[in-house]
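Reader: I have a protein model open and would like to learn how to read it step by step. Could you take me through it with questions and answers?

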Amino acid sequence: MGGLSGQAAIAGIGATEFSKDSGRSELRLAAEAVSAAIADAGLTPADVDGLVTFTMDTNSEISVARAVGIPELTYFSRIHYGGGAACATVQQAAMAVATGVADVVVAYRAFNERSGLRFGQVNSAVANQENSSGTENAFSYPHGLSTPAAFVAMIAQRYMHDYGATSEDFGRIAVVDRKHAAVNPDAFFYEKPITLEDHQNSRYIAEPLHLLDCCQESDGGVALVIVSAERAKDLPHTPAVIAAAAAGSAADQFIMTSYYRDELASLPEMGLVGRQLWSQSGLGPADMDMAVLYDHFTPYTLLQLEELGFCGRGEAKDFVREPGALEVGGRLPLNTHGGQLGEAYIHGMNGIAEAVRQIRGTSVNQVDDAAKVVVTAGTGVPTSGLVLTA
């Protein structure tokens, strides 16, 4: 242990409602979430001196500061690579706090991703950008590989071929997420559980991915307040101490699917993040009381179990087949808020908020004595992760 470990904590969480049509601007969503998080932390906008978000967020730090009433900023930062940025925003905030660059940093993400720009749709402009990302996308878009689901389907097919996993194994992730969402009043799919049969009967989006293998498209915002671990002790809620925060990009990384690697059915960037998390925190997979794993597509959740060391390569299918393994009381309770499949898709920020609730003991699907939680960000792209402890 050492370095950043234990120096900062998440002391406040805030969110808008999650919907398919918010009826208001993305800036307003951001301001609502940030204001709620600051209030939850027992602070005022005048206490905040840092803001961190995603490069994909449309809300500039100065616009959010004006809207919320934050007078001065000494730190502002943005992280690239879509959903892979989620935990890295907290890492950036924690580094700023730990080094004294800022005292109170809010990480936020807000968008109208269902009523506005939908990430899951074909967007030819992505391949026409005059930058390196446009060049990379231009290799796949003309051939019909032009949606995230299509990218992931390539890996999923190979994973099934290499390791004998089935569509039903992927479906088990969707079923447990929806089971947890069904008792979460804030989840879009509140009171709407599904069965494995429902999953299998849902239409194909990009074979082998069914509709219910794919996360939602959501409108909403989430914000997190990060302060020093020492200061957090004096604030209203039990702090979620940042025992580890890591980011990673692996060899031959290439947009959302790295087609040119020798082993296609892997996520080595998550393995890299995992090794850092365990090294920084002094903990390991067996120490985790639960996990919040980024579930934009169900196959990548299985691969994450392997990359993080919860099971060996190709063994996630057996892990998820174990009855109740991913439920509260099971071997590794997963996505107790419902995940992005069940609660909302807010680029993984809502999953970090759920980890904080588990540490506080306020989750709707509370894991007994939850004191150590691993959280991951978007996979396929360069990614990030956290270990939060009580």
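Reader: Let us begin with a charge and a ring: over the ring of which residue does the charged end of Arg-109 sit?
Author: Please keep in mind throughout that this is a predicted model. A charge counts as sitting over a ring only if it is within 6 Å of the ring centre and within 35 degrees of the ring normal. The charged end of Arg-109 is 5.0 Å from the centre of the ring in question, which belongs to Phe-54.

Reader: And over which ring does the charged end of Lys-20 sit?
Author: Here the charged end belongs to a lysine, Lys-20, and its distance from the ring centre is 4.5 Å.

Reader: How many aromatic pairs does a search of the whole structure find, and what kind of pair do Tyr-141 and Phe-151 form?
Author: The search of the whole structure finds eleven aromatic pairs. In the pair of Tyr-141 and Phe-151, the centres are 6.4 Å apart and the planes stand at 55° to each other. Since planes under 30 degrees apart count as stacked and those over 60 as edge-to-face, the pair of Tyr-141 and Phe-151 is tilted.

Reader: What kind of pair do the rings of Trp-278 and Phe-310 make, and how far apart in sequence are the parts it ties together?
Author: The centres of the rings of Trp-278 and Phe-310 are 6.4 Å apart and their planes are at 85°, so the pair is edge-to-face. Trp-278 is in helix H9 (residues 268–281), whereas Phe-310 is in the loop between helix H10 (298–307) and helix H11 (316–321), so the pair ties together parts that are separated in sequence by 32 residues.

Reader: How do the strands of the open sheet follow one another, and which stand at its edges?
Author: The open sheet has nine strands with mixed pairing, in the order E3-E2-E4-E7-E1-E8-E11-E10-E9. A strand at an edge has a single partner strand, so one side of it is left without a neighbour in the sheet, and this applies to E3 (75–79) and E9 (290–292).

Reader: In which sense does E10 pair with E9, and in which sense with E11?
Author: Three bridges join E9 and E10, which pair in the parallel sense, and Val-292 stands opposite Val-375 in E10. E10 and E11 form a hairpin with six residues between them, and Gly-380 in the turn has a positive phi of about 95°. Over their five bridges, E10 and E11 pair in the sense called antiparallel.

Reader: Is Asp-177 buried or exposed, and how far is its C-alpha atom from that of Asp-295?
Author: Asp-177 is in helix H6, and with a relative accessible area of 0% it is buried. Leaving aside neighbours within four places in sequence, its contacts include Asp-295 and Asn-335. Although Asp-177 and Asp-295 are 118 residues apart along the chain, their C-alpha atoms are separated by 9.1 Å.

Reader: Asn-335 and Glu-191 both have a positive phi; which of them counts as buried, and which as exposed?
Author: Asn-335, found in the loop between H11 and helix H12 (339–342), has a phi of about 45°, and Glu-191, in the loop between H6 and helix H7 (196–201), has a phi near 65°. At 0% relative accessibility, Asn-335 counts as buried. At 57% relative accessibility, the residue that counts as exposed is Glu-191.

Technical notes: Residues are numbered from 1 along each chain as its sequence is written. This is a predicted model: local features need pLDDT of at least 70, side-chain atom pairs count only at pLDDT 80 or more; totals for chains, interfaces and linings use all residues. Side-chain values use heavy atoms; hydrogens and water are left out. Two strands pair if DSSP finds at least two bridges between them. Helices (H or I, at least four residues) and strands (E, at least two) are DSSP runs, numbered from the N terminus. Rings of Phe, Tyr and Trp (its six-membered ring) pair if their centres lie within 6.5 Å; planes under 30 degrees apart count as stacked, over 60 as edge-to-face and the rest as tilted. Buried means under 20% relative accessible area, exposed over 50%, partly exposed in between (1.4 Å probe, protein chains only). Contact means heavy atoms within 4.5 Å.
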